[in-house]
Amino acid sequence: QVQLVESGGGLVQAGGSLRLSCAASGSRFGINGMGWYRQVPGKQRELVATITSGGNTNYADSLKGRFTISRDAAKNTVYLQMNSLKPEDTAVYYCNAYVYRGSVRSDDWGQGTQVTVSS
C-alpha cells in the first residue's frame, strides 16, 4: 500500500495560482503512475491530470493550458500547478497513485486537500 500526503490547498482569488504537492511512500513496488482527481459535493470524482513513471501526462480536456502536472521521481512526489483559477475549480483535490502487479492495478488515495477559489 502506498501512503500519500498532500499539501498546498487553500483559498485563492479567481485568477490566482496554487501548487499542490503529493509525496508518496511505502511502495514495495515501483509506482507506475500518479495523478490528481477532484470532487465537489454531490458529484463524482473526476480526473484532473495524471503522469506515468515514464513521464507521459494526461489532462482533463477542460483543464489543459491552465493546469500542469509534474513529478520529482527522486522524491516520489507529484505536483499540480494550477493557474488562472476559476470559482468552478473549487473542490477537494485527491492525489492518486497506482501500481500494476501483472495485469492487476492497485490504487491508493490521499486524504484530499481543499481548494477554494473565490470570485
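## Talking through the model

Colleague: How much accessible surface does the protein have, and what share of the surface belongs to carbon and sulfur atoms?
Modeller: The accessible surface is about 6400 Å², and 46% of that surface belongs to carbon and sulfur atoms. The areas come from the Shrake-Rupley method with a 1.4 Å probe, and for residues only the protein chains shown count as cover.

Colleague: Before I go on, what should I know about the model?
Modeller: The model is predicted, so local features need pLDDT of at least 70 and side-chain atom pairs pLDDT 80 or more, while totals for chains, interfaces and linings use all residues. Residues are numbered from 1 along each chain as its sequence is written, and side-chain values use heavy atoms, without hydrogens and water.

Colleague: OK. How many helices and strands are there?
Modeller: The protein has zero helices and 11 strands. Read from the N terminus, the order is β-β-β-β-β-β-β-β-β-β-β.

Colleague: And what box do the C-alpha atoms fill?
Modeller: Roughly 45 × 30 × 25 Å, taken along the principal axes.

Colleague: What percentage of the residues is buried?
Modeller: Of the 119 residues, 40% are buried. Buried is under 20% relative accessible area, exposed is over 50%, and partly exposed is in between, with a 1.4 Å probe and protein chains only.

Colleague: What about contacts between residues at least 24 apart?
Modeller: Take the contacts between residues at least 6 apart in sequence: 53% of them join residues at least 24 apart. A contact is heavy atoms within 4.5 Å.

Colleague: Changing topic. How many salt bridges are there?
Modeller: The count is five. The rule asks for a side-chain nitrogen of Lys or Arg within 4 Å of a carboxyl oxygen of Asp or Glu. One of them joins D61 and K64, with N to O at 3.2 Å.

Colleague: Are D61 and K64 buried or exposed?
Modeller: D61 is exposed at 63% relative accessible area, and K64 is exposed at 52%.

Colleague: Which residue does D89 pair with?
Modeller: D89 forms a salt bridge with R66, and the closest N and O atoms are 2.8 Å apart. D89 sits in the loop between strand 8 (77-82) and strand 9 (91-101), and R66 in the loop between strand 6 (57-59) and strand 7 (67-72), so the pair ties together parts 23 residues apart in sequence.

Colleague: Buried or exposed, those two?
Modeller: D89 counts as buried at 1% relative accessibility. R66 counts as buried too, at 12%.

Colleague: Which residues make up a network of salt bridges?
Modeller: R38, E46, R66 and D89 are linked in that network. As for another salt bridge, D107 forms one with R105, and the closest N and O atoms are 2.9 Å apart. D107 is partly exposed at 32% relative accessible area, and R105 is partly exposed at 35%.

Colleague: You mentioned D89. Which residues does V115 contact?
Modeller: Leaving aside neighbours within four places in sequence, V115 is in contact with G9, G10, L18, L20, M82, D89, T90, A91 and Y93. V115 lies in strand 11 (residues 113-118) and counts as buried at 0% relative accessibility.

Colleague: How far is V115 from G10?
Modeller: Their C-alpha atoms are separated by 5.0 Å, while the two residues are 105 residues apart along the chain.

Colleague: And A24, where is that?
Modeller: A24 is in strand 3 (residues 18-25), and at 10% relative accessibility A24 is buried. Setting aside neighbours within four places in sequence, its contacts are V2, Q3, L4, I31, M34 and N76. From A24 to N58 the C-alpha distance is 19 Å, and the pair is 34 residues apart in sequence.

Colleague: N76 is in that list. What is its phi?
Modeller: N76 has a positive phi of about 50°, although it is not a glycine. N76 is in the loop between strand 7 and strand 8 and is partly exposed at 33% relative accessibility.

Colleague: What about S84?
Modeller: S84 is not a glycine, yet its phi is positive, about 50°. S84 is in the loop between strand 8 and strand 9 and counts as partly exposed at 41% relative accessibility.

Definitions and conventions: Helices (H or I, at least four residues) and strands (E, at least two) are DSSP runs, numbered from the N terminus.
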